[in-house]
Amino acid sequence: MAQPVTPSGAASRRTRWRRWLFVALLIVPIVEIATIIGVGKVIGGWPTVLLLLLESALGAWLVRREGARTWRALSTALQTGRMPSRELADAALVLIGGTLLVTPGFVTDIVGFFFILPVTRPLTRGFLERAVAARFLATPMRPGPGGGSTVEGSVIDR
């Protein structure tokens, strides 16, 4: 079966994502285990387990509260006819943060809380918006006949 032809840029991005995913799946569990062992040495085994359970319970409560708040804001934006870009970004961050909070460990919980807390979410949302804009909104431009830039397109007259 023939392989689909993809531009070399797309293939290199896909390879880069696979490398990052492989490194993350390899490094994150090692860092989490080392952190849990380190905390266990400082405060003891059972207090470490109780702390992990407490973080999970707090995270579940926070995900439920912020998820409901985000859903209401998204519904309001849609009902008023506004473009819900901020609300969609918040929903994505709550989803990612909730997933990280479900994963046992202190490092993923810290990152998950950073994504979910209303105080820190705007910082993360700004980073997410810049990353999406750089990735999807970049329009390739070429020099036009007058030396300026020309954007390829077509006009539809109705």
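The dialogue below walks through a predicted model, feature by feature.

Visitor: What should I know about the numbering and the confidence limits before I begin?

Guide: Residues are numbered from 1 along each chain as its sequence is written, and side-chain values use heavy atoms, with hydrogens and water left out. In this predicted model, local features need pLDDT of at least 70 and side-chain atom pairs count only at pLDDT 80 or more, whereas totals for chains, interfaces and linings use all residues.

Visitor: How many helices and strands does the protein have?

Guide: Helices (H or I, at least four residues) and strands (E, at least two) are DSSP runs, numbered from the N terminus. Here the secondary structure comes to five helices and two strands, and along the sequence the pattern reads α-α-α-α-α-β-β.

Visitor: What share of the residues is buried?

Guide: Buried means under 20% relative accessible area, exposed means over 50%, and partly exposed lies in between (1.4 Å probe, protein chains only). Of the 158 residues in the protein, 22% are buried.

Visitor: Which residues make the nonpolar surface patch?

Guide: Such a patch is built from residues with over 30% relative accessible area and no salt bridge, nonpolar side chains (Val, Leu, Ile, Met, Phe, Trp, Tyr) being joined within 5 Å and like charges within 9 Å; the areas come from the Shrake-Rupley method with a 1.4 Å probe, and for residues only the protein chains shown count as cover. In this structure, Phe22, Val23, Leu26, Ile27, Ile30, Val31, Val107 and Val111 make a nonpolar patch of about 660 Å². Helix 1 (8-43) and helix 4 (106-116) each give two or more residues to the nonpolar patch, with the largest share, six residues, coming from helix 1. Leu26, which lies in helix 1, counts as partly exposed because its relative accessibility is 44%.

Visitor: How much space lies in the largest pocket, and which residues are closest to its centre?

Guide: On a 1 Å grid over the protein atoms alone, a pocket is an open set of points with protein on both sides within 12 Å along at least five of seven lines, where a 1.4 Å probe fits, and lining residues have an atom within 4 Å of a point. Grid points are joined across faces, edges and corners, and the volume is the space filled by probe spheres set on them. The largest pocket holds about 840 Å³, and of its 22 lining residues the closest to the centre are Trp17, Trp20, Ala24, Ile96 and Phe115. Helix 1, helix 3 (85-102), helix 4 and helix 5 (121-136) each give two or more residues to this lining, and helix 1 provides the largest share, ten residues.

Visitor: Which salt bridges does Glu66 form?

Guide: A salt bridge is a side-chain nitrogen of Lys or Arg within 4 Å of a carboxyl oxygen of Asp or Glu, and a search of the whole structure finds six. Glu66 meets Arg65 at 2.8 Å, N to O, and Arg69 with the closest N and O atoms 3.3 Å apart. Arg69 and Glu66 are separated by about one helical turn, because they are three residues apart in helix 2 (residues 45-80). Glu66 is buried, with a relative accessible area of 0%, whereas Arg65 is partly exposed at 31% and Arg69 is partly exposed at 40%.

Visitor: Which residues are linked in a network of salt bridges?

Guide: The network links Arg65, Glu66, Arg69, Asp90, Arg121 and Arg125. Another salt bridge joins Glu87 to Arg82, with the closest N and O atoms 2.9 Å apart; Glu87 is buried, at 5% relative accessible area, whereas Arg82 is partly exposed at 44%.
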